Each structure stands twice: as structure tokens, then as C-alpha cells.
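Please have the picture open while I talk.

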Amino acid sequence: MIDLKSDLVNMPTDEMWATMRATEPGWVASRQDPTVLRLERMAADLMGQEAAIFVMSGTVANLGALMTYAERGHQVVLEEYSHVVWGEEWSLAYVCGLYPRLVKGDKGKLAPQDVEAAITESRFSHRPHTDLLFLENPHNMAGGTMLSVAETEALCQVAHHHGASVFIDGSRILYAAAAQGVPPAALVADADGVMFSLTKGLSAPVGALLCGSEEAMARAEKNLRRIGEFRVHKAGFFAAAGIVALESMVDRMQEDVRQARRFAEAINSIDGLVVDLESVQTNIVMVDISATGLESRSFIERLLARNVRAHPYTSELVRFTFHRHVGDVEAELTIDAVRAVVQEVR
Ligand SMILES: *Cc1c(COP(=O)(O)O)cnc(C)c1O
């Protein structure tokens, strides 16, 4: 089975398992686990931030950030198809009491003037207090589209000018960095915080890192404690795998970007399938299958019969996500399987 449903399907490496086995967990709660501390240091340095906190998932990192960078009753500005809006059960409203101001982006990208308009709009002499601009890079639902260093800078400038902080949901930001050939720290240089996942392209078994200033991370610690997510016992085992992930996986991510690009071009040349090649920027490829007359669910069932798993994103879009278990051979086999499905319904 070739599984392109998500990059989450990748397995920890043998080195990760071996390192986990050899790890002696410390006392995480009093910050005495050397492995957790080392991972946090590595993550903070990678992102050019003062400090980092190891948490169990990207969702938790996002929630911790929302609790930390915004106050209840205040406004947070987000792109309308942000993961934190659609994929995290409105924790921003339910847990944090925040008002989400959704702004339409272009392929996931917010324009600074639209952000400014959202922050400054007022009616009946009421102007919401915007605490936070919450960005996503790469943008998941837009198919992995990226913000550049300059675009991030411009957005941060607008937010900061109006007294709002900027947080980046960078679950796959290492793909954005690899694809642009820039250090990840450059993509968050002007932001106030960032999170990235260890489980997606990085193949670690669990975890994400919330990064920001010492001061913000001290507040985040308290907030994470409030939701029972601070200093998970024996986290050292997972931190050990996370360290191996950062040491061994970052340099190969460009390979997934290259693979996705090649795949997108091949698929786009098949009659009946359309890929918006401009949106193929990281390791995700969205394929519009509507011209085949199939709904994506039945399309992926037919693919599954040919040992390829993909993700029915919408009724018209099928998503293929590249990761380290998909090399040239698997990519070719996938293209063949897709072509065969199209031919079979013609
Ligand atoms: C996966 C993802 C998350 C959530 O991370 P989990 O580790 O799955 O909780 C948040 N934001 C984006 C953009 C993601 O792709």
C-alpha cells in the first residue's frame, strides 16, 4: 500500500526507536528532564526564538498560543480556511473566549491591507480589540501554499503597528523553509511566536513545539497547565525521538517538495484531471477530479483497489501528501494507478 493520505502516516525511524529505548526520562514537571530541555533548546534555536515548550500535538500548541497571545473577549484575525478554525473544534471560542475575525485570503495568503481593514473597522463607535494575527505557513487547506519572508514581514508590520501580536501556525513550516531555501527562523523573524509539528514531515511518533520569547513561554506554561497539557510525565521518551527527527529529517524535506512537484505535473497532464500547479508549493498536491464524473470518495475507493491511499478533501478535490516513504518508485506507481482509474471510468 502506498499511503499518501497524509504525511502523518510516516513511521519513526529505527534510530528514533533505539534512542527512545535508551532514554532515561527525567522529572519533567520541575524542568529536570535533560532530553526535553535539549529538544526545546534545539527547537527555539531552529526558529530563532528565545524559548520553546514541548507539547503533545500541534493542536495543543495552537491552543496554548491562543490562550497566551490573546485575551478573552478580544479579536483574533485569521484566514478564513485556517486549520485552527476548521480543524480544532472552535477551541478559540470555546476555551479562549476569542472572537475570530475571518479574512478571505488568496490561496491561503492574507493581504496586509485586508488585515488592516479587519483590525481597524468600526461600527456604532465599537472597534473590536485585536490582540492577535494568527497566520498559517504553509496553509494546509489551500494545499500547502507558503508565505515568503517578505510577505510575513509585511503582515507582521501591519499587526504590530496596530498593537496586535503575530503567531504562526507552522505545523509544516520546515517544508516552507525547505521549498524556499531559507532558514525557518527567517520565516518567523518578525512574528511573536510559532509552532511546528514533529509528526508530519519529521516522522517523530508524537509532539510539537511552541516557540516564542521567554516571557511569552512563561505565560504559555501556565496556560498549558490550565488545560492539563503541561509537562507530560515521561515526555523524555518522545523528546528523544524528536531530537533525532530534528537531526536527521530536516535536510531531506526538499525531496518531498520535489516529489510533489513532479507528481503534480504528471497528473495535470492526464486528461480529466486538473492540478493548480501554482498552488503546489510544498509537499501537498490537490487534484481536481470533477471532470472524470466521479466524486472524490469513489475516486479514492478505486485508487485503494490499486493499493494507493489518498485523501478525499472535498467532493471534487483529492489530496496527495508526500513524505519519506514515497520515493521515485512509489510516485511512479501512484501516477500509474491514478491514470488507470481515470481510464477505467472513461
Ligand atoms: C496538522 C496541523 C495542525 C494540528 O497539529 P496536530 O499535531 O495534528 O494536532 C495545526 N495546523 C496545521 C496547519 C496543521 O496542518
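The crossing of H3 and H10 is right-handed, and in this predicted model the axes of helix H3, residues 58-69, and helix H10, residues 214-226, come within 9 Å and cross at roughly 115°. From H3, the contact is made by Val60, Gly64, Met67, Thr68 and Tyr69, while H10 brings Ala216, Met217, Arg219, Ala220, Asn223, Leu224 and Arg226. Sorted by class, that contact between H3 and H10 holds seven nonpolar, three polar and two charged residues.

Let us turn to a second pair, helix H1, residues 14-22, and helix H11, residues 235-248, whose axes come within 8 Å and cross at roughly 145°. The crossing of H1 and H11 is also right-handed. Here Glu15, Met16, Thr19 and Met20 in H1 meet several residues of H11, among them Phe237, Phe238 and Val244, and by class the contact of H1 with H11 has eight nonpolar, two polar and one charged residues.

Now for the ligand: which of the 13 residues around it come nearest? They are Gly58, Thr59, Asn140, Asp169 and Lys200. Looking at individual atoms, a polar backbone atom of Gly58 is 2.8 Å from an oxygen atom of the ligand, and a polar side-chain atom of Thr59 lies 2.5 Å from an oxygen atom of the ligand, whereas Asp169 places a polar side-chain atom 2.5 Å from a ligand nitrogen atom. On its own the ligand has 380 Å² of accessible area, and the protein covers 87% of that.

Conventions
Residues numbered from 1 in each chain as written. Predicted model: local features only at pLDDT ≥ 70, side-chain atom pairs only at ≥ 80, totals over all residues. Heavy atoms only, no water. Axes fitted to C-alpha atoms, helices over the stretch in contact; angles between N-to-C directions. Helix = DSSP H or I, 4+ residues; strand = E, 2+ residues; numbered from the N terminus. Left-handed = near helix turned anticlockwise from the far one by under 90°. Contact = heavy atoms within 4.5 Å. Nonpolar A, V, L, I, M, F, W, Y, C, P; charged D, E, K, R; others polar. Near = heavy atom within 4 Å. Polar contact = N/O pair within 3.5 Å; in protein donor to acceptor, adjacent residues only side chain to side chain. Areas by Shrake-Rupley, 256 points an atom, 1.4 Å probe, with all protein chains shown as cover.
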